[in-house]
Amino acid sequence: MEEVEEVELPFVVLFPWFAVFLGVVVYYVLSRFTHGLPYTAIMFITGAMIGYSAPHAAGNAIVDSTRLWLGINGEIIILTFLPGLLFLDSYNSNVFLFQRSILQIIIFAFPMVLVGTALTACIAYYIFPYGWSFNLSMTFGAILSATDPVAVAVLLNELGAPSRLKVHIAGESLMNDGSSVVFFRIFSSRFLYELGFQGFEQIGWVRGFILFFRLSLGGACIGLLFGIGLVTILFNLNRRLSKDENVIQVMATIMTAYLSFFVSEILADCSGIIAVLFCGLTTKAFGFSFINDSHLTEDFWHIMEHLLNTVLFTVGGAVWGGIINFGGMEDWLYLLILYASLYAIRALLVLIFFPITSNIGIKQNWQEACFMAHAGLRGAVGIALALLLSAETHNAPKEQREKYQEYVDKLFGMVGGVAFLTLVINAPTSPALLNALGLVNPTEARNRVVHNYELHMRQNVLIEFMKLLAEETFKSVDFGVVREYVSPLAEVTSKELEAAVEIYNKRYPDKIPSLDNVMRYVDSETSASSTVIPRGATASLIKDQGTVYDFRRCTTKRRSSIRRKANFHTSSRTRGKASQAFFCCLSLTYSLRQCLSAGNCPYYRQLLAGELDSRGGTPFSLLQSLQLANESIMKGNPLQDWDASQSIGKWTRKWDRLLHTYRVGVSGDEDFLAIRTHVLQALSFIKAHTYAQETFKAEFASVDANSLTLSQKAVVDESREQVSRAEAVLNAFDAEDVNVIKSQYVCQILLYKCADYFRTLAHNGLMNEREAGEFLEKYDKKLRHLRNASELKYEISYLKLSNEGCRLEKPSERGSNDDERVSGARPNYHDA
């Protein structure tokens, strides 16, 4: 037996990570194709299918690991998963509203649970044909009377429910677990006493109430003590500038969450969930300002929450699927009767106590009461309690075990079935009910606030566009393309432009943007009502009035421009000699390289700002070029990262072509794709070196003289020489192609600025997650549309300008010579 355990025990580790893998797949499918289905519900269903099939499947590593988890003790599930999830939910609670609504939460958590337990027990005792005893029926009622705090918290966070409703439902779910666990312990002890178990006794009503208050109040006191202890630890870990100390603070929070649960649940025999609840509330109320790095803490706990939820609901579903013991359609019919009865019981209890809860605390309206009746989700907590009962029954004498095990298996199947139905029926329909009740519909005042945010965002994006136009690289950017893809700038008026210019001049008086291209559109739209410029028109077609450009004829230009680029690349390989002063300031050269490759590396900044395609080969070639350039610098050679990036780019451009085919689905115009890759790499390179030069001058210039030494200037000159090589590559390509790519590049930057504006509002608490999520999803779609459009073959119709205005004309039919020229053979220049 020991030999078998040595072989099997390592497989325990596999199932949780397999569940995480399934969670990644499920999230991808839900986020791309089916937004309406709750993530936790699908993970529970997935786990149920795994658990049901595992006993009958052929043996392999995943099946063996699943079988080990099917026999897990319910107490292990509770101790492993609940503390981390409950601490985050309680810490994120609004302490002020929780304090104001404490009387309402107590009513939800205790009298409603007691009545619900009794009514559910009556259904099991009088309607079910299983012959359950009264104590087993009351145990069953106690398990199902409490809503699952984990499932409810996940649901409310996904829906973006209002704060008062969150406090009512989440507070009820967290608190009524204490009462349900107490009733479970009382009646499960009476049931096991019926089986003749030693160590269990017939608990009377008086002792039951004493036990109830001991578990609830004891858990609250233990939670308060641990919360005060955690606040003390956070107060003394006060070195905000120490990253290690900030990590220790996060470690202290998770340590306290699990220790408070274990001490209360196991050592003190009190309610562990109530202990964690009060620990989290105490920490939020008194220790929030003591956390040195709130971003680190929030990010860690959100990752923790997602991992624990994924594994918990998968394990809960697997255990239910593996133990379910329904003999036929009759059992499934009784399950549906039970589900409908529980729904009716909860609605009845909410209605009975509504006259009280609507007049105390923070009050409650009828819409919130209706949603509370619907949101009574059951989940893994009830399954864990049923597992505890099942494990105890397995230890009974053989004759009693055979008799009562069937009862417990039926009970377990019903508990899991109710959890399954609430997750697949109540959870998916909750968003629609919230909208129908008007609980998430913004008020007129809120709509005006959000609209005002959009106006501010448009102004900010317009100013960002002006900053780009002030750079020599982007002066000729096509505003027509910007209007087409950046919707906030599509309807810019002359008044908005004037206001933005005024703000821009105050902020950046030394940088003058080139607005000729912009004014051409704004003036034409505001000067005469007969003038119409479609949003799809592109300003790159406008050089001089009456001139027509056709991008289908650009193929010949691309060939010649690529040849010029290739000749330049070959002729400029001769490396300029660095001055002797450079070798005397190797550390300074390395410092400039640090300005390029440190934690705030411009390439990383561009990745975070969305200016670089994180999935493409360009970031890889640029970042790797820094490593090669650093090796060259350490050998005494000058800075040569442009050549290094081009050498690596020969390979990464092959990856870009494959990525292009995967994204777009067609091979597209490979000539334009190759030019686009070269241009984007040069633009990122120039921007990174410009930033590094400015940083180097600011950090290494003499403070008194505000100037660089000769050796320091030599270092900057090396960087400028690299920039000139990149600029020469841009000049080698056809100007119209480069301008199109620059315009699309600017669109990408501005769309990310739009998204970042709303992300910042949500982070600062000025927008809720649901409101910001709608805008972020909108701009994410626009970015994907821009990416696909920018990678396709660029073909634009004729644009004819006249003195009266602008209009689009249908392009004329082309001759065979044009088609032959477009589809003719092209030189292999992609690796030039």
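The model is predicted. It holds nine cavities of 30 Å³ or more. Two of them are described here.

The largest cavity has a volume of about 210 Å³. Its lining consists of 19 residues, and those closest to the centre are Asp 613, Thr 618, Asp 656, Arg 676 and Leu 680. Of the elements involved, H30 supplies the largest share, with five residues. Sorted by class, the lining of the largest cavity has six nonpolar, seven polar and six charged residues. Asp 613, Asp 656 and Arg 676, which are among the residues closest to the centre, belong to the charged class because Asp and Arg are counted there.

The second largest cavity contains about 120 Å³ of space. It is lined by 14 residues, of which Gly 116, Ser 145, Arg 346, Leu 349 and Arg 378 are the closest to its centre. The elements giving two or more residues to this lining are helices H8 (111–127), H9 (134–145), H11 (163–194) and H16 (329–357). By class, the lining of the second largest cavity divides into seven nonpolar, four polar and three charged residues. Arg 346 and Arg 378, both among the residues closest to the centre of this cavity, fall in the charged class because Arg is counted there.

Definitions and conventions. Residues numbered from 1 in each chain as written. Predicted model: local features only at pLDDT ≥ 70, side-chain atom pairs only at ≥ 80, totals over all residues. Heavy atoms only, no water. 1 Å grid on protein atoms, 1.4 Å probe; cavity = no way out; pocket = protein on both sides within 12 Å on 5 of 7 lines; lining within 4 Å. Points joined across faces, edges and corners; volume = space filled by probe spheres on them. Helix = DSSP H or I, 4+ residues; strand = E, 2+ residues; numbered from the N terminus.
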